[in-house]
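This report is meant for a reader who is meeting the structure for the first time. It begins with a term that will be needed throughout and then goes from the domains to single residues.

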Amino acid sequence: MKRLTLLTFLLFTVLASGFSQNGKIEFEEYDLDNGLHVILQQDHTTPNIVVSVMYHVGSKNENPEMTGFAHFFEHLMFEGTENIPRHEYDKYVSRAGGALNANTSSDRTYYYEKLPSNQLALGLWLESERMMHAKVEEIGIKTQKGVVIQEKKQSYDNRPYGGILPETMKRAYVNHPYRWITIGDEKHIENAKDQDFLNFYKEFYVPNNAVLTVCGDFDSAEAKKLVNDYFAEIPKRTEEIYRPTIVEPAKVAEVRDTVYDNIQLPAIIQAYHIPAMGSKDYYSVNMLAKLLTDGKSSRMYKTLVSDKQMALELMAIPMPNEDPGLALALGIPNMGVDPQALEDEMDKEFAKAREELMSEKEFQKLRNKIENELVSSNATIEKRAENLATAHTYYKDASRVNQELEKYFAVTKEDIRAVANKYFVPTNRVVLYYLPKQN
């Protein structure tokens with residue numbers, strides 16, 4: 001009897017959380033006449049909801065002479081609207097017992113509110129205000145110019161190792177807009193006219209360039225009515241929305257350079273060009289990065305940090321971009337270790353991945369790690385909302401959230417060795433020595 005009760009409880013938990021019995025996320029999706037894509041994902045395990053909007057605009061959509069606009073709007077969109085006074089936007093959420101945030105990447109901009117489930121109308125109203133009635137005007141623009149310029153100084157210009165990403169990207173890309181980072185050039189922001197920002201808002205902050213996701217404890221019929229009430233009358237953009245079609249030429253020779261900065265210890269950065277997020281090879285590349293540097297038991301960390309004590313830190317980070325991106329391998333040599341010696345050892349680990357198949361034990365450990373991470377990535381309504389929105393934005397297929405594990409599990413040991421030989425080779429990389437300034 002106790003066993004039956006436990007099974008019944010577990011079944012109820014699975015169904016209430018919006019997962020089917022086979023572990024798949026269940027959701028509804030549809031389009032409004034104005035092109036807004038809507039995703040509804042019910043989860044009745046807690047009395048909370050997440051309302052989010054992802055706009056298909058990031059730094060890659062910017063004019064090369066006006067960089068930083070996508071990130072700038074992440075700040076500006078909290079300034080207020082025609083119906084929400086300045087500096088009051090977040091107070092609506094905090095007074096309701098919720099929280100809100102936003103973030104920008106090279107490919108999209110994402111806003112969300114987490115609220116008690118009885119505040120669905122509030123969340124939808126706030127996001128509809130942002131989409132239709134945001135105040136893109138002098139006072140807010142002037143305020144946020146100062147905020148963004150100061151952020152760049154603190155996060156990049158005056159921060160140890162803060163220049164690694166911008167210095168790497170501008171050497172890795174010749175034509176593609178990934179060559180500048182999301183925060184952009186402060187001079188572009190400082191010199192931009194109010195009309196420039198208004199034009200950006202009118203082009204990209206439109207319903208047919210967005211996906212609205214609601215996850216959590218709500219009634220579907222009520223949600224559909226409220227979505228229609230708040231968003232259906234927002235006009236779509238009839239003119240073309242800019243999508244860069246620039247293809248970065250294949251690399252045929254290593255790019256190598258040295259940068260000096262106010263740091264104590266040097267760093268070696270190897271940036272390898274990799275395929276776009278969601279492509280078959282991307283899953284193999286991501287698994288290879290985890291094999292080499294994810295955790296203290298990973299190959300490079302164990303060999304170079306723990307055993308040989310040549311490095312203080314080692315990491316490899318695949319950048320999940322909509323277009324072909326980079327995987328960054330970064331090593332910080334231990335005191336007294338020649339950076340060249342550490343680079344040579346890093347190269348040996350990549351060579352080993354190119355030449356040898358991993359053991360079955362390593363492979364199963366890697367698959368287990370991937371499975372645990374994917375389950376965790378969909379465990380909360382916050383992450384589920386973002387994952388659903390990302391899948392639709394990048395692939396026009398929200399059901400891809402239910403296919404990720406299958407795609408990782410389709411990767412073989414041979415596939416991982418193949419991407420090591422295809423992408424992780426000297427002719428396909430930038431090597432940057434990031435060294436302390438000479439006195």
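## A term and a first example

A salt bridge is counted here where a side-chain nitrogen of Lys or Arg lies within 4 Å of a carboxyl oxygen of Asp or Glu. The model is a predicted one, and by this rule it holds 36 salt bridges. One of them joins the side chains of R384 and D43, with N and O 2.9 Å apart. This pair links distant parts of the chain, since R384 belongs to helix α14 (residues 381–395) while D43 sits in the loop between β2 and β3, 341 residues apart. Both R384 and D43 are buried.

## Two domains

The protein is divided into domain 1, residues 28–232, and domain 2, residues 255–436. The C-alpha centres of domain 1 and domain 2 are 28 Å apart, and 38 residues of domain 1 are in contact with 36 residues of domain 2. Between them the two domains bury about 3000 Å², of which 65% is on carbon and sulfur atoms. Y161, I164 and R171 supply 21% of the area that domain 1 buries against domain 2, which is more than any other three residues supply.

## What lies at the interface

Across the interface of domain 1 and domain 2 the rule finds five salt bridges, and there are also 18 residue pairs in polar contact, both residues having a pLDDT of 80 or more. On the side of domain 1 that touches domain 2, the elements giving two or more residues are β2 (37–42), β3 (48–55), β5 (109–116), α6 (164–172) and β6 (210–216). The largest share of this side, seven residues, comes from α6. By residue type, the side of domain 1 that touches domain 2 divides into 15 nonpolar, 14 polar and nine charged residues.

Another salt bridge of the structure is formed by the side chains of E382 and K114, where N and O are 3.1 Å apart. A polar contact of 3.5 Å joins the side chains of H37 and H392. H37 has its place in strand β2, and it counts as buried because its relative accessible area is 7%, under the 20% that sets the limit for buried residues. Not counting residues up to four places away in sequence, H37 touches E29, Y30, D31, P207, A210, V211, L212 and H392.

In helix α11, which covers residues 299–307, the buried residues are R299, M300, Y301, L304 and V305. The elements that cover these buried residues include α10 (280–293), β9 (311–318), α12 (339–355) and α13 (360–377). Just after α11, Q309 takes a positive phi of about 50°.

K308 forms a salt bridge with E345, the closest N and O atoms being 2.9 Å apart. Here too the pair links distant parts of the chain, with K308 in the loop between α11 and β9 and E345 in helix α12, 37 residues apart. Elsewhere, salt bridges that share partners join E254, R256, E343, D347 and R429 into one network.

## Two strand residues and one more pair

T104 is found in strand β4, residues 99–104, and counts as buried at 16% relative accessibility. Its side chain makes a polar contact of 2.5 Å with the side chain of E74. Leaving aside neighbours within four places in sequence, T104 is in contact with A70, H71, E74, T109 and T182.

P436 has its place in strand β11, residues 429–436, and at 23% relative accessibility P436 counts as partly exposed. Although P436 and Q264 are 172 residues apart in sequence, their C-alpha atoms are 5.9 Å apart in space. Among the residues in contact with P436, once neighbours within four places in sequence are left aside, are Y260, D261, I263 and Q264. A further salt bridge joins K91 and E88, the closest N and O atoms being 3.4 Å apart; K91 is partly exposed at 37% relative accessible area, and E88 is partly exposed at 22%.

Key:
Residues numbered from 1 in each chain as written. Predicted model: local features only at pLDDT ≥ 70, side-chain atom pairs only at ≥ 80, totals over all residues. Heavy atoms only, no water. Domains from an automatic or database assignment. Contact = heavy atoms within 4.5 Å. Buried area = accessible area lost by both parts, 1.4 Å probe. Polar contact = N/O pair within 3.5 Å; in protein donor to acceptor, adjacent residues only side chain to side chain. Helix = DSSP H or I, 4+ residues; strand = E, 2+ residues; numbered from the N terminus. Nonpolar A, V, L, I, M, F, W, Y, C, P; charged D, E, K, R; others polar. Buried < 20%, exposed > 50% of the residue type's maximum accessible area, 1.4 Å probe, protein only.
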